[in-house]
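Visitor: I would like to go through this structure by questions and answers. Please begin with the terms.

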Amino acid sequence: MSEKYEDFGMDPLDLFKTDLGHNDSQTQLRALHMLSTVAVALDVDRTRDELVPFLEDYLYEHIFECDTLLVVMAEQLGKFVPFIGGPDYAHLLFPMLTKLAASDEMETGEKAVMSLKNIASQLKEEQLEQDFITVIEQLAQAEWFTSKCSAAPLFAVAYRKVREPCRQKLLNMFSNLLQDESPMVRRAAATSLTDFIIYADMEEIKKEFIPSFKDLAKDDQDSVRILAVNVAISLSFQLTTDEIVEHIMSTLQALCDDSSWRVRYRCAFEINNIQSSIGPNLTRLYLIDMYKSLIRDTEANIREISARNIVRFCQNLQTSYKELEKESGENLDPIIQKEILPLIQELDQDPAEDVQDGLYSVITSLSTLLGEKCTKDFLVPLITRCIENDSSKVKENIINSLNNILCVIGIDDLSKTVEKLISDLLKNSNTLWRTRRNLIVTLSHIAKHSKQEYFDEHLKHLYVSLLKDAINGVRRVAPLALPIFVKHYTMSSWGKENIIKIILELAGTYGYRIRLMSLFCIDELVLPTLDKKSDGLLTTLKCIQDENSSIVLNKIHKLNEILSNNFNNVDNEWLDIVLKYCEDENYFNDNIKCFAEDSFDDLRNCVDQQIIAVGKNEIDNPKEESYLEGILFLIVVCFMDVIRELAQDKVYNVRMRAARTLHRVKNLNKQLTEELNQPWVNSVLNILSNDERETINIELQNDLTNGHIKFLELKRDVFIAYIEDIPDVPILEAKDIKEELEKIELEQQIAESIDISETLEKVAPNDKIEVGEAATEFFLAKEDFQDLVVSPNTSNNPTPMDQSENSEKNSSTKSIANDAPQVVSKEAVFISDDIEI
């Protein structure tokens, strides 16, 4: 800062005055924000003798002008004590802050009060008694109510440090504020009373504050009576049980029955804090009846907030019951069974939708308290009945918190209910896309508590529908859950076949946004975003060097070697060309957290173990493939083929994402290769004999061959099923395509059965074909891969950047909009685009 002034050749204070006197308000604001910097540039003496008086004069002249400047000044002065020589000179700032605290502008007054409290915390006892109490007195005895309101929060700060004569003076002034004729002043005093009570002696509480509390509870303004509830809580924490009964309970009962719904609402809102402050005995004697009256209140919003607090109320009751009845064990408090559960049933039948919404947002949390038997007898029927509820909010609340009840009773008793709830939400959430995104989290929780058969039969198709959702925010988050499913249901028994089907189904669709989803799924499977951090993928194998770990390591070593050979093979020139796409400056590198929002943390909480790193349980059972081994297997058998095909896609974004996905696969291969080159690896590999290792390699090669054949069969089946679903094919029948495909040899399927244009030329060689909307994509001529991956210097072929320029045209081209047959040229290139809201 000083260098800046030297460059201008001006005194720091003169430059500050110039900026502060500028006509532009932004220049003035910047000058005030640099107030501490100006003070540093000046010495302490000049700051006290010149800068502070200048600020006082400026404030006197501009106190009624720009409120924004005053707010900044009030905030800066609270940090100004070190620049004027320390707390001994803090009194120099009090006149300005007193004037600012009396401002009619609420924000200015609040900032000034915060600065005064900050300075007061640095002062000694003598300074508080001589200077700070004078400030409080000036504000509290002013005529205008804004000064009195600003004085109220300052009493507690000074009271705890000053001696007895000054304490009594503060008490008298504060009592006057509590009885002030202005309701705004009484509200400010009542708000500050809760802090004041903490530092007061018991005698002062009984003599001064309990009468004041009763007066507040009888105030003619309901905005003041509302604050009496919080005062009652603060007093109850300081008083004994008998004193609470004598001084507090009757007044608190009157507040719960108050004529103003706002006062009753505050009682319902603070019911759990009231419960904690008065203790378990008084809760059972008095508070339960008061809570009943609030739950049965005529105002729906009071019943709603009462319903939202009911679980915590029960938890507090149960905790106190265990403390009072030490031999109770895991038994439920009889009060909960007799008094609270009937209230829950009443709330369940409430006609107001908001009340049911409030109840079902918390009700599943009660299952951990009720235990398995009571949950099945009481909660499960309630949740089952909610299927008939017309409110989507109620159903969504149950689904979002379903994990609480599943942890207690599992999925068996709720299997049909869960499926029905999820299906209803999917059907009725056309405008509530965040509801569908939250279902991804719910499915992850359910998967942890359900068997594979149940998930496959009832929930898998729902998950696939979320992968194809019309909203990008839903589609983009859905792949995050896929590694969770694979890890839970294991790779060999669930992962391989289901993953291949999902990937092929997504990759073969006509909407390019859905084709993108196949690549996003591969991304998450290869390097899961939600995975916990680990020291390495093979760290556990290094720690457990036995025969089982050697079997697992040999398989991983062989699969990674095959993958490395694919990348290094000169015949696979397409790999290097596709990877160069990532160098495109226009490449989009999206952040999944932007799409997931709160769902990201919820999904991360579903992950209770490392996903891709080899775990101890996977080593103990080498016959069951580890996640890492299965992913390498899928990369070799399936993923590379899908990536290659999508790298030829007509849509630029798909090609770029394919390049990014391939880069992600290569990163996994690189990381794994580095770990496999560590010295300890050979010793673990050689635990097995050469014959045993050779046997593993032969078995693995057979598995790869069988897996590739299975992949081709699934690829053909997915294609055929998709063709058969086309609604309108005037010339070419789907069965003709199927018959043609069945003639193709297995080893040619990857090259020909998916090359739709070649197949169509055999059965419809005409230059023009009549097709309907859904069939259009299959009648489009596809470029040969060799035509795509050419040298950028070839003038007849587009470079990746040229393709980027053309991508906007491609991505904006819609598929034929009507169902009537159209005439389409085979040479034309269309992009069938799904509409995104």
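Guide: Buried means under 20% relative accessible area, exposed means over 50%, and partly exposed lies in between, with a 1.4 Å probe and protein chains only. This is a predicted model, in which local features need pLDDT of at least 70, side-chain atom pairs count only at pLDDT 80 or more, and totals for chains, interfaces and linings use all residues. Residues are numbered from 1 along each chain as its sequence is written, and side-chain values use heavy atoms, with hydrogens and water left out.

Visitor: How many salt bridges does the structure hold?

Guide: A salt bridge is a side-chain nitrogen of Lys or Arg within 4 Å of a carboxyl oxygen of Asp or Glu. By that rule, the number of salt bridges in the structure is 31.

Visitor: Is Lys468 buried, partly exposed or exposed?

Guide: Lys468 forms a salt bridge with Glu505, at 2.4 Å from N to O. Glu505 is in helix H33 and Lys468 in the loop between helix H30 (452–467) and helix H31 (472–475), 37 residues apart; helices are DSSP runs (H or I) of at least four residues, numbered from the N terminus. Because its relative accessibility is 34%, Lys468 counts as partly exposed.

Visitor: Which residues are joined with Arg163 into one network?

Guide: Arg163 forms a salt bridge with Glu125, and their closest N and O atoms are 2.7 Å apart. Arg163 sits in the loop between helix H11 (155–159) and helix H12 (164–178), while Glu125 belongs to helix H9 (residues 125–140). Through salt bridges that share partners, the network joins Arg163 with Glu125 and Glu129.

Visitor: How many residues apart in sequence are the parts that Glu346 and Arg296 tie together?

Guide: The side chains of Glu346 and Arg296 meet in a salt bridge of 2.9 Å, N to O. Glu346 lies in helix H23 (residues 334–348) and Arg296 in the loop between helix H20 (280–295) and helix H21 (300–308), so the parts tied together are apart in sequence by 50 residues.

Visitor: Why are H33 and H41 roughly parallel to each other?

Guide: Angles run from 0 to 180 degrees between N-to-C directions, and axes are lines fitted to C-alpha atoms, for helices over the stretch in contact. Angles under 35 degrees count as roughly parallel. Helix H33 (residues 491–507) and helix H41 (residues 627–646) have axes 11 Å apart and pack at an angle of about 10°. H33 and H41 are therefore roughly parallel.

Key. Helices (H or I, at least four residues) and strands (E, at least two) are DSSP runs, numbered from the N terminus. Angles under 35 degrees count as roughly parallel, over 145 as roughly antiparallel, 65 to 115 as roughly perpendicular and the rest as oblique.
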